[in-house]
Amino acid sequence: MHKVLIIGAGGVGGVVTHKCAQNPDVFGEILLASRTKSRCDAIADSVKSLTGRDIETAAVDADDVPQTVALLEKYRPELVINVALPYQDLPIMDACLEAGVHYLDTANYEPRDEAKFEYKWQWAYRERFEKAGLMALLGSGFDPGVTNVFCAHARDNLFDSIETIDILDCNGGDHGHPFATNFNPEINIREITQKGKYWERGEWKEIEAMSQSMDFDFPEVGVRKAFLLYHEELESLVQHVPGLQRIRFWMTFGESYLKHLEVLQNVGMTSIEPVMFQGREIVPIEFLKALLPDPASLAENYTGKTSIGCLVKGKKDGADKTVFIYNTCDHAETYKEVRAQAVSYTTGVPASVGAEMMLTGAWKKPGVWHMEQFDSAPFLKRLGESGLPWHVKEM
Ligand code: NDP
């Protein structure tokens, strides 16, 4: 039996906490901490009513390393599951090093003043984690996360050589709001409004934001228009899939979402540059976040499904082969199970499965690692059993 600290009580934090609580053989004791303790308490109440289990809660400002270290030293968990925001990645990694605790997250570190989506800051921790005998597992959500493991499965079990990978992310659901984001609005809008980027034959190629799209027939959702975006898993996958010639990432957006985003961008509401307003500085995107629905609140009346996967092309036994490895997830079903919508669910479940891999020793290596650097089999087995069944479709 193991003891974990989950940091972050948003949509994803709620799912991770419920999923860990459903698995008492691995997660013997759970502490959920976040900036606002009342949000942790609300999740703890829901966990109690759905699973009968008691979990502890605490307040922590994870930007403050000594505060997190004090909490770690008091509670003494084996592992921190970081599902706060990308800004907290480095301070939480620092705290883990100081207190001797393993680390897992679902999104790469980002500086507040620059939307960058790069792993270099976290890769710089490799030697320190290795020397301390500690493991950090980066990007254990769906994308990054499960998509990296799908690529590892294709690389190790389905192909002799891989030529191209297209990661395709579709949310075919409807939350009934004209404009809302499915996870933290600030992070989501920063991701979409940056330039698009993909990798081809050893080079990164940049395109204007949302300037390339294609129609794709998503299993259980249907044909949707998907736009080329830069996404962080591309940066690690190009290093870990030998012979790869091209990798791209695509995400679908509805008409209403695009219309609102265009207007908000044109008037400057998505900017991360501070502006003066009535004598004080405000950051437009942070103000916008305050106006938009809390992603966790979308869950109750959400209908439809997410359909996310990797379209992999290559060779097997001398012949051309193309597969789509994917999962579909129903918003209403996930609400029934853990009171969350499918975007939070598809992120929180892999975080709990990644944590299980580390705690049971199925994946264990000091240093800083990506998901595709481990054996995909135990993870994919537990992913299916934990609520995210996956499929391989020959195309
Ligand atoms: P939310 O905004 O709903 O929740 C974030 C939580 O972190 C809130 O509870 C917030 O506290 C807390 N938090 C923020 N700052 C601090 C701090 N300094 N100290 C402690 N807690 C803090 O986000 P989501 O749950 O939607 O997303 C969580 C993470 O998951 C994000 O990093 C996101 O990028 C990632 N993600 C990854 C995906 C993947 O597939 N890999 C997909 C979707 C999300 P408060 O309540 O006080 O604001």
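This is a predicted model: local features need pLDDT of at least 70, side-chain atom pairs count only at pLDDT 80 or more; totals for chains, interfaces and linings use all residues.
Residues are numbered from 1 along each chain as its sequence is written, and side-chain values use heavy atoms, with hydrogens and water left out.

Q: Into which domains is the protein chain divided?
A: The bounds come from an automatic or database domain assignment. The chain is divided into domain 1 (2-141 + 347-378) and domain 2 (146-340).

Q: Which residues come nearest to the ligand?
A: A residue counts as near if one of its heavy atoms lies within 4 Å of the molecule. There are 28 residues around the ligand, and those that come nearest are R35, T36, A62, T106 and N184.

Q: How far is an oxygen atom of the ligand from an N or O atom in the side chain of N184?
A: A polar contact is a pair of N or O atoms within 3.5 Å; within protein, one must be able to donate a hydrogen and the other to accept it, and residues adjacent in sequence count only if both atoms are side-chain atoms. The side chain of Q88 has an N or O atom 3.2 Å from a ligand nitrogen. For N184 and a ligand oxygen, the distance is 2.8 Å.

Q: How many salt bridges does the rule find across the interface of domain 1 and domain 2?
A: The rule asks for a side-chain nitrogen of Lys or Arg within 4 Å of a carboxyl oxygen of Asp or Glu. E110 and R190 form a salt bridge, with their closest N and O atoms 2.7 Å apart. Across the interface of the two domains, the count is three.

Q: What is the area buried between domain 1 and domain 2?
A: Buried area is the accessible area (1.4 Å probe) that two parts lose on being put together, summed over both. Carbon and sulfur atoms give 53% of it here. The total is about 2600 Å².
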